Amino acid sequence: MDLYLNHLSTFPSHTQLHVLKFLEEFSRSLSATLEAKAVVVWQRLLEGPLAALLRDSCAHTLCAQAFGVLSTVGAKVFQALPSHCQVLALSLPLSFSRDSSVHRSVRASAVRVLGVFVSFSCLAEVLCAQLHV
């Protein structure tokens, strides 16, 4: 796991895509429980490779897949994350969903993350206010 987290940005783009698909499935199973390990993995993802990939990648397929990974965080794990990670997890899809210059598949993936986050009782009210729903 450390190999993926530490070197995601150095892999070729086709390998990054497969690593992101692995991380999506891994985090889906990990987020089903509230283990300290799940919180640590998500904190490392958000503070490192996932946010960096979204900030720096011009490949829309990778960005869309990165949002796919983010959509699997799970409500229990999200609530257990430090506040700066929660803010980052919210601000990334919010900013991408509002940017009309972003590729439509990336915007759609960002909106999907926001849809998942709205189902979190701790975020529903906050997100609805931000999205003017």
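Buried here means under 20% relative accessible area, exposed means over 50%, and partly exposed is whatever falls in between (1.4 Å probe, protein chains only). Val-111 sits in helix α8, and its C-alpha atom is 8.4 Å from that of Phe-96, 15 residues away along the chain.

A word on the ground rules. The model is predicted, so local features need pLDDT of at least 70 and side-chain atom pairs count only at pLDDT 80 or more, while totals for chains, interfaces and linings use all residues. Residues are numbered from 1 along each chain as its sequence is written, and side-chain values use heavy atoms, with hydrogens and water left out.

The chain has nine helices and zero strands, taken as DSSP runs numbered from the N terminus (helices are H or I, at least four residues; strands are E, at least two). Of its 133 residues, 44% count as buried. Among contacts (heavy atoms within 4.5 Å) with a separation of 6 or more, 63% come from residues 24 or more positions apart.

Next, the interior. A nonpolar core is a set of buried Ala, Val, Leu, Ile, Met, Phe, Trp, Tyr and Cys residues joined through side-chain atoms within 4.5 Å. The largest one holds 36 residues, and Trp-42, Leu-50, Phe-67, Leu-70, Phe-78 and Phe-117 touch the most other members. Two or more residues each come from α2 (13–30), α3 (36–47), α4 (49–56), α5 (60–70), α6 (75–80), α7 (83–98) and α8 (104–118).

Helix α7 runs for 16 residues and reaches 23 Å from first C-alpha to last, close to the expected 22 Å (1.5 Å times one less than the number of residues). Its buried residues include Cys-85, Ala-89, Leu-92 and Phe-96.

Two helix pairs round out the picture, with axes fitted to C-alpha atoms over the stretch in contact and angles running from 0 to 180 degrees between N-to-C directions. α3 and α7 pack at about 55°, axes 10 Å apart, which makes α3 oblique to α7. Gln-43, Leu-46 and Glu-47 of α3 meet His-84, Cys-85, Leu-88 and Ala-89 of α7.

α2 and α5 pack at about 15°, with axes 9 Å apart, and are therefore roughly parallel to each other. Angles under 35 degrees count as roughly parallel, over 145 as roughly antiparallel, 65 to 115 as roughly perpendicular and the rest as oblique. Leu-17 and Leu-20 are among the α2 residues making the contact, with Leu-62 and Val-69 among those of α5.
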